[in-house]
Amino acid sequence: MNAFAELIETIAHAPINKRAVTNHGVLNEAFAYPKPSSFSRGMRIDLNGITILLISGTASIDENGTSVHIGDFRAQMRRTFANITGLLAAEGCTWHDIVRTTCYLRDIERDYEAFNEERTAFYTEQGLAPLPASTGIQAILCRPELLIEIEAIAMFRTDKAKAESELR
């Protein structure tokens with residue numbers, strides 16, 4: 001069997017390890033809300049040297065679970081990016097590892113221009129190339145004061161040396 005076939009066979013039978021993603025410095029846990037909500041801030045999945053992070057819908061929420069920047073779309077978006085950045089950092093990665101975002105806007109007609117300006121400025125500041133795949137959707141969010149919520153998917157290698165040797 002060649003090395004590629006062996007790698008595929010190994011991946012196919014490797015255990016899938018998963019655990020919740022958290023960073024209490026930027027966000028509390030959803031189950032700690034006054035009205036508990038049953039979800040993790042994200043899920044980390046480790047697959048034979050490759051990690052996938054599934055970041056739950058994240059908004060302008062502080063470390064106490066309070067909505068912040070009420071009525072200010074741009075400030076809410078910046079806090080949302082900061083919260084996602086904190087979740088990524090807790091797992092040893094950055095926005096360079098993001099492959100996809102789904103962006104939910106309460107009023108896409110009113111806020112899309114500001115959304116695109118803020119996203120472009122943030123991605124430029126991060127030096128992202130290529131840019132993540134993305135979808136923008138108008139949606140009613142879980143709290144009436146929230147104007148934007150973003151979920152994200154990140155992928156990165158956790159064992160680069162091992163992966164390179166297996167491909168040889």
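User: Among contacts in the protein between residues at least 6 apart in sequence, what percentage join residues at least 24 apart?

Analyst: Good place to start! A contact here means heavy atoms within 4.5 Å. For this protein, 73% of the contacts between residues at least 6 apart in sequence join residues at least 24 apart. A word on the source: this is a predicted model, where local features need pLDDT of at least 70, side-chain atom pairs count only at pLDDT 80 or more, and totals for chains, interfaces and linings use all residues. Residues are numbered from 1 along each chain as its sequence is written, and side-chain values use heavy atoms, with hydrogens and water left out.

User: Which pattern does the protein follow along the sequence?

Analyst: Helices (H or I, at least four residues) and strands (E, at least two) are DSSP runs, numbered from the N terminus. The protein has four helices and six strands, and their order is α-β-β-β-α-β-α-β-β-α.

User: How do I describe helix H2 and helix H3, whose axes come within 10 Å?

Analyst: Two packed helices are described by the angle between their axes and the distance between the axes. The axes are lines fitted to C-alpha atoms, for helices over the stretch in contact, with angles from 0 to 180 degrees between N-to-C directions. Here H2 (residues 73–90) and H3 (residues 108–126) have axes that come within 10 Å and cross at roughly 40 degrees. That angle makes H2 oblique to H3; under 35 degrees counts as roughly parallel, over 145 as roughly antiparallel, 65 to 115 as roughly perpendicular, and the rest as oblique.

User: Which residues in H2 meet H3?

Analyst: From H2 they are Phe-73, Arg-74, Met-77, Arg-78, Phe-81 and Thr-85. Their partners in H3 include Phe-115, Glu-118 and Phe-122. The residues of this contact divide into seven nonpolar, one polar and six charged, where Ala, Val, Leu, Ile, Met, Phe, Trp, Tyr, Cys and Pro count as nonpolar, Asp, Glu, Lys and Arg as charged, and the others, Gly among them, as polar.

User: Is Leu-105 buried or exposed?

Analyst: Buried means under 20% relative accessible area, exposed over 50%, and partly exposed in between (1.4 Å probe, protein chains only). Leu-105, in strand E4 (residues 98–105), counts as buried because its relative accessibility is 0%. Beyond its neighbours within four places in sequence, Leu-105 is in contact with residues including Phe-73, Phe-115 and Ile-148.

User: And where is His-24 placed?

Analyst: His-24 lies in the loop between strand E1 (17–21) and strand E2 (42–47). With 53% relative accessibility, His-24 counts as exposed. His-24 and Leu-87 are 63 residues apart in sequence, yet 9.1 Å apart in space, C-alpha to C-alpha.
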